[in-house]
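Hi,

Here is the structure I promised to pass on to you. Have a look at it first, and then read my notes below.

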Amino acid sequence: MAASCRLKPLSRVAVSGGTHGNEMSGVYLAKHWLRDPMELQRDSFAVTPFLGNPCAIEKCVRYVGRDLNRTFTTEFLSSAEAEDEPYEVVQARKINQTYGPKGSAQAFDFMFDLHNTTANMGSCLIVDSEESLLPMHMCHYIQTHYTRSPCPIYLYKLPGEETYSINSVAKAGLALELGPQPQRVVRADLFAQMRALMACALDFIELFNKGTVFPAFEIEAYKITGLMDYPRYPDGEISAMVHPKLQDKDFLPLNPGDPIFQTFSGEEILYKDGTTIYPAFINEAAYYEKKVAFAKMEKHTFSMPGLQRE
């Protein structure tokens with residue numbers, strides 16, 4: 001067996017709630033922890049909770065000017081300030097300055113980002129790619145120790161794509177995506193699940209910092225390959241909706257010939273690609289404006305080396 005990889009212990013960890021201002025589990029968890037951070041405290045590292053998008057939280061909307069969680073790329077972080085730029089571009093620079101700068105030695109060691117989805121994603125763990133060793137070990141630890149629900153791993157970065165999410169300003173990160181939950185609503189069950197997942201993740205960091213050796217393992221994860229738009233009329237209006245047989249089937253196999261859409265007059269539209277995929281974010285409310293009916297995912301098994309602190 002290959003020797004374990006060694007990484008430096010973590011000392012500074014951040015938690016963002018309300019990156020999207022209408023995803024309420026993270027909003028209210030972050031507000032709670034800002035009032036009473038006791039449950040975040042561990043012996044070997046400090047945890048800083050913060051509100052990612054205060055203006056959107058105040059208005060209880062996803063964003064004010066543009067999607068904050070798509071604004072942490074070089075294009076926005078290094079652009080010159082302008083009077084008419086969206087609020088979220090200004091906020092992204094502030095977050096990058098506080099918890100980054102992105103890609104620098106001064107950046108926070110780790111950042112959690114707390115989200116809800118209207119899709120049936122369960123307790124989903126989002127990582128940029130399988131090459132992120134510490135987050136993948138954290139996911140494996142969570143899957144092993146959190147038993148209330150399955151925790152599928154969603155790898156969001158396409159080949160050659162720059163990381164764009166809020167937690168990319170830190171050296172490593174993990175997003176929690178819990179659903180289904182309506183926008184602008186806080187459900188007690190999902191609030192409790194997110195809280196328990198965070199406790200489990202922080203326990204992993206504590207164990208890592210204190211010298212626990214985590215052995216090598218194989219792990220299943222879903223890797224994005226592209227996005228599927230809704231069928232549309234020539235004027236751009238959608239002409240069909242997600243088929244009832246696909247609705248709520250996130251991370252389940254979709255085979256060629258299976259129905260994926262139903263037109264408003266009742267006809268079925270079938271999945272015609274030649275390979276089985278595992279759709280995610282099916283019929284996500286926030287993605288109608290992005291022209292996304294679901295994300296197309298492949299299921300992979302990855303071999304991860306062992307991990308321990310330096």
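**Helix packing**

H5 passes H6 in a right-handed crossing, a crossing being right-handed if the near helix is turned clockwise from the far one by less than a right angle, and left-handed if anticlockwise. Before going on, please keep in mind that this is a predicted model, in which local features need pLDDT of at least 70 and side-chain atom pairs count only at pLDDT 80 or more, while totals for chains, interfaces and linings use all residues. Residues are numbered from 1 along each chain as its sequence is written, and side-chain values use heavy atoms, with hydrogens and water left out. Helices (H or I, at least four residues) and strands (E, at least two) are DSSP runs, numbered from the N terminus.

H5 covers residues 133–145 and H6 residues 188–209; they pack at an angle of about 120°, with their axes 9 Å apart. Axes here are lines fitted to C-alpha atoms, for helices over the stretch in contact, and angles run from 0 to 180 degrees between N-to-C directions. H5 and H6 are therefore oblique to each other (under 35 degrees counts as roughly parallel, over 145 as roughly antiparallel, 65 to 115 as roughly perpendicular, and the rest as oblique). On the H5 side the contact (heavy atoms within 4.5 Å) is made by Leu134, His137, Met138, Tyr141, Ile142 and His145, and on the H6 side by Leu197, Cys200, Ala201, Asp203, Phe204, Ile205, Leu207 and Phe208. These residues divide into 11 nonpolar, two polar and one charged, where Ala, Val, Leu, Ile, Met, Phe, Trp, Tyr, Cys and Pro count as nonpolar, Asp, Glu, Lys and Arg as charged, and the others, Gly among them, as polar.

H6 also packs with H1 (residues 24–35): their axes come within 10 Å and cross at roughly 60°. H1 and H6 are therefore oblique to each other, and their crossing is right-handed. H1 contributes Ser25, Gly26, Tyr28, Leu29, His32 and Trp33 to the contact, and H6 contributes Leu190, Phe191, Met194, Arg195 and Met198. By class, that contact has seven nonpolar, three polar and one charged residue.

**Pockets and a cavity**

On a 1 Å grid over the protein atoms alone, a cavity is a set of points where a 1.4 Å probe fits but cannot get out, and a pocket is an open set with protein on both sides within 12 Å along at least five of seven lines; lining residues have an atom within 4 Å of a point. Grid points are joined across faces, edges and corners, and a volume is the space filled by probe spheres set on the points.

The largest pocket holds about 900 Å³ of space. It is lined by 46 residues, and Val127, Asp128, Tyr156, Ser165 and Asn167 are the closest to its centre. Elements that each supply at least two lining residues include H5, strand E5 (122–127) and strand E8 (217–228). The lining has 22 nonpolar, 11 polar and 13 charged residues.

The second largest pocket has a volume of about 180 Å³. Its lining includes Asn120, Met121, Ser149, Asp248 and Phe251.

There is one cavity of 30 Å³ or more, and the largest cavity has a volume of about 50 Å³. Among the residues that line it are Asn22, Glu23, Gln181, Val185 and Glu284. Its lining divides into three nonpolar, six polar and two charged residues.

**Backbone details**

Phe251, which lines the second largest pocket, has a positive phi of about 70° although it is not a glycine.

Best wishes
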